[in-house]
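Q: I would like to learn how to read structural features from a model. Can you take me through one, feature by feature?

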Amino acid sequence: MQSIIMQRYAVLFLAIISAAQVLGQCPEFSYDDDAANGPSNWGTLCSDYATCGTGQVQSPLDLRTSNSVFSSFSIEQEYDDQIQLEFFNNGHTVEVDYHDAVGAHFLESDNDDFDLLQFHFHTPSENTMDGDHADAEVHFVHQDSAGNLLVFGVLIDGGSDECDFLDMLESHVPQDEDNEEHVDISDLLNALDIDDDMDLFTFPGSLTTPPCTEGVTWIVKAEILRCSNSQIDKFSSVLHGNSRPIQDRNGRTIQRNFAESTDSMTYSSFSVSSSRSFSSSTSSSRSGSRSSDSSSASSVVAPIFTVFLFALATIF
C-alpha cells in the first residue's frame, strides 16, 4: 500500500513539472540527488535548465596540483568597508548583497575589473581539494562591464579558533527563506587571508545552480580558511547541504599559479575569457532568486492548481 501511495505522489510530482514546463515556468530545484528535482535531474526540469545536463564546462571541480598546470598569474582585489548590507535567505543559500555597496569593491584580473555583486555560502564546499570537501565554501560573484562573470571561491574548514570573516556574519545568519538581516563588512581582505602572493587555481566553468550558465571564470584560493566548528554550524544548520556534486572536467585545463615542484612544472599562460553575460534569471543573484520568482507566482498558481486537481482525480 505504501509503495502504491509513493508511486502516485511521484506521478503527481511529474504532472506538476510538466505543467510548469508547458507554462514556461521552471519548477523548484533541490540538492537531494535522490529526488526528482535533484542535481542529476536539473537539466530535465525545464528548457531553461537544459545546460545543467548538457553543458561541457560545468562547475564545481576537484582541484589538485596533479591535475593542473602552472601559470604565472595573479589578481588584485579591493573591497572597501561596508555598512548595513542586506544579508538574506533565498531558500537555496544565504547571501550578502553588494548591489547597493559604496566605494571600491572589485577584483582585477588580466587588466579587467570585475565588480563584486554578492557573496553566498555552500555547506559543504562545492569545489574539492584532492578529492576532499571542506566544511563550507563562500563564492564571491563578480561581473565586468561587458557582463562577464567571475567567481572567487574560498573553502572554509572548522577545527580551529574563531575567524574574523565568519565573526562578522554568524550572529546575523537569516534562518528561514525570505528572512533578511543587515551586516557590516570590514577589512575583508585580511579577514579572508588574502594577499598578493596567495596560491590560486583557475578554470573555465559555470554557475553551480540552475540555469548552470557557462562562460564563468573561476578562481579558487588554494589555501583553506580556518574557522571554528561552532561558526560553521551557524551556516550548515540553515543550509542543510546545498552543494552540487563534482562535475566532469571534459578536457578542461585547470591552471595554478604555484609550482607542485620545480622539476615537474608544466607552464601555461593565463587569461580571463568569458563569453556569457549575467542574467537576472540566475538563482545566484537576488533579482533572479527573489524578485522574478515572486512576480511570476500569481500568473502560474491557478493553471498549475488546475493540473494538480486533474492529476489527483486521475491517479486516485
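Q: Is Y79 buried or exposed?
A: This is a predicted model. Residues count as buried under 20% relative accessible area. Y79 has a relative accessible area of 6%, so Y79 is buried.

Q: How many aromatic pairs are there, and how do I describe one?
A: A pair of aromatic rings is described by the distance of the centres and the angle of the planes. The count here is 14 aromatic pairs. Take Y79 and F140: their ring centres are 6.5 Å apart and their planes meet at 20°. Planes under 30 degrees apart count as stacked, so the Y79 and F140 pair is stacked.

Q: Which parts of the chain does the pair of Y79 and F140 tie together?
A: Y79 belongs to strand 3 (residues 76-79), and F140 to strand 10 (residues 136-143). The pair therefore ties together parts that are 61 residues apart in sequence. F140 is buried as well, with a relative accessible area of 0%.

Q: What is the geometry of the pair F119 and F140?
A: That pair is tilted. The centres are 4.9 Å apart, with 40° between the planes. F119 sits in strand 7 and F140 in strand 10, so the pair links distant parts of the chain, 21 residues apart. F119 is buried, at a relative accessible area of 0%.

Q: Which residues form the aromatic cluster?
A: Y79, Y98, F119, F121, F140, F152, F165 and F235 form one cluster.

Q: Which of the residues of helix 6 are buried?
A: In helix 6 (residues 229-239), the buried residues are Q231, I232, F235, V238 and L239. They span an arc of only 130° around the axis, which means they lie on the same side of helix 6.

Q: What covers the buried residues of helix 6?
A: The cover includes strand 4 (82-89), strand 5 (94-97), strand 7 (112-122), strand 11 (149-157) and helix 4 (164-167). Just after helix 6, H240 takes a positive phi of about 55°.

Q: Where does T123 lie, and what is T123 in contact with?
A: T123 lies in the loop between strand 7 and strand 8 (128-129). T123 is buried, with a relative accessible area of 4%. Leave aside its neighbours within four places in sequence: the contacts of T123 are then D135, A136, F235, S236, L239, H240, G241, N242 and S243. T123 and D135 are twelve residues apart in sequence, yet 6.0 Å apart in space, C-alpha to C-alpha.

Q: In what order do the three strands of the open sheet come?
A: Strands of a sheet pair through backbone hydrogen bonds, either parallel or antiparallel. Here the order is 1-8-9, and the pairing is mixed. Strand 1 (62-63) and strand 9 (132-133) are the edge strands, each pairing on one side only. Strand 1 and strand 8 run parallel, joined by two bridges. L63 stands opposite M129 in strand 8.

Q: Which ring does the charged end of R256 sit over?
A: The ring of F258. The charged end of R256 is 5.9 Å from the centre of that ring.

Q: What about the protein as a whole?
A: The protein has seven helices and 16 strands. Of its 316 residues, 51% count as buried. Take contacts between residues at least 6 apart in sequence: 70% of them join residues at least 24 apart. The protein exposes about 14700 Å², and carbon and sulfur atoms supply 47% of that area.

Notes: Residues numbered from 1 in each chain as written. Predicted model: local features only at pLDDT ≥ 70, side-chain atom pairs only at ≥ 80, totals over all residues. Heavy atoms only, no water. Buried < 20%, exposed > 50% of the residue type's maximum accessible area, 1.4 Å probe, protein only. Helix = DSSP H or I, 4+ residues; strand = E, 2+ residues; numbered from the N terminus. Arc of directions from axis to C-beta. Contact = heavy atoms within 4.5 Å. Pairing = 2+ DSSP bridges. Areas by Shrake-Rupley, 256 points an atom, 1.4 Å probe, with all protein chains shown as cover. Phe/Tyr/Trp six-rings, centres within 6.5 Å; stacked < 30°, edge-to-face > 60°. Lys NZ or Arg CZ within 6 Å of the ring centre and 35° of its normal.
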